[in-house]
Amino acid sequence: MNKELEHKFVTELEDNQNIVHKVCSLYTNDRDSHNDLFQEITIQLWRAYPKFRGEAKFSTWMYRVALNTAITLYRKSKRRVKTQDFDSVIYKIRTDEYDDTEERQLKLIYDAVKQLGDIDKALVFLYLEDKDYSEIAATLGITEVNARVKMNRIKNKLRTILNP
């Protein structure tokens, strides 16, 4: 790869690296696994970059490569990452006015989302990132109608998980 293309890739990656971090957070539960997945996604982005035609936004293409890499890596290995309990690694400073209701609700939602299948997790992630259904469909390689139907089913699944 020539230096100009390499520079363009590095710039795009730096500008959009939060996408990769978010995907890593969705599919891993500890720092080492997060770093390993981040590295693997970066390698796959680098390998695929010469084929990037610019037909979609770079960020959309990046979501697709990152999600596919995460899903493929963990499906192939069929391993579940050993994790620590969320509460054992987060440190909280409490004051008299501190209300952790929102934090507990977010933890419940994350725990519920982690029970979903890989594709469903990816769809929820993109939905929560405020992507419209056409962009979700393009990223996941499904139709827009399928994305909408899947999202409605996922919402019902999450309701069942959260309110048994």
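Is Tyr-110 buried or exposed? Select Tyr-110 in this predicted model: the residue is exposed, with a relative accessible area of 52%, which is over the 50% cut-off for that class. Tyr-110 sits in helix H5.

**Around Tyr-110**

Helix H5, residues 101-114, is the main contributor to the patch, giving four residues.

In soluble globular proteins, nonpolar side chains tend to be buried together. Now select Val-23, Tyr-27, Ile-41, Leu-45 and Leu-67. The largest nonpolar core has 39 residues, and these five touch the most other members. At least two core residues come from each of H1 (3-27), H2 (31-48), H3 (58-77), H5, H6 (118-128), H7 (133-140) and H8 (144-162). Colour H3 separately: this helix provides 10 residues, the largest share of the core.

Centre the view on Val-23. Leaving aside residues up to four places away in sequence, Val-23 touches Leu-37, Ile-41, Ala-66, Leu-67, Ala-70 and Phe-125.

**Aromatic pairs**

There are 10 aromatic pairs in the structure. Show Phe-9 and Trp-46: their ring centres are 5.1 Å apart and their planes lie at 65°, so the pair is edge-to-face. This pair links distant parts of the chain, as Phe-9 belongs to helix H1 and Trp-46 to helix H2, 37 residues apart. Phe-9 is buried, at 3% relative accessible area, whereas Trp-46 is partly exposed, at 33%.

Move on to Phe-58 and Trp-61, a tilted aromatic pair with 5.4 Å from centre to centre and 50° between the planes. How many residues apart are Phe-58 and Trp-61 in helix H3? They are three residues apart, and therefore separated by about one helical turn. Both Phe-58 and Trp-61 are buried.

To see these two pairs in context, select Tyr-49 and Phe-52 as well: Phe-9, Trp-46, Tyr-49, Phe-52, Phe-58 and Trp-61 form one aromatic cluster.

Most residues other than glycine have a negative phi. The phi of Asp-130 is near 65°, a positive value in a residue that is not glycine. Asp-130 is also exposed, with a relative accessible area of 71%.

How values were computed: Residues are numbered from 1 along each chain as its sequence is written. This is a predicted model: local features need pLDDT of at least 70, side-chain atom pairs count only at pLDDT 80 or more; totals for chains, interfaces and linings use all residues. Side-chain values use heavy atoms; hydrogens and water are left out. Buried means under 20% relative accessible area, exposed over 50%, partly exposed in between (1.4 Å probe, protein chains only). A nonpolar core is a set of buried Ala, Val, Leu, Ile, Met, Phe, Trp, Tyr and Cys residues joined through side-chain atoms within 4.5 Å. Contact means heavy atoms within 4.5 Å. Rings of Phe, Tyr and Trp (its six-membered ring) pair if their centres lie within 6.5 Å; planes under 30 degrees apart count as stacked, over 60 as edge-to-face and the rest as tilted.
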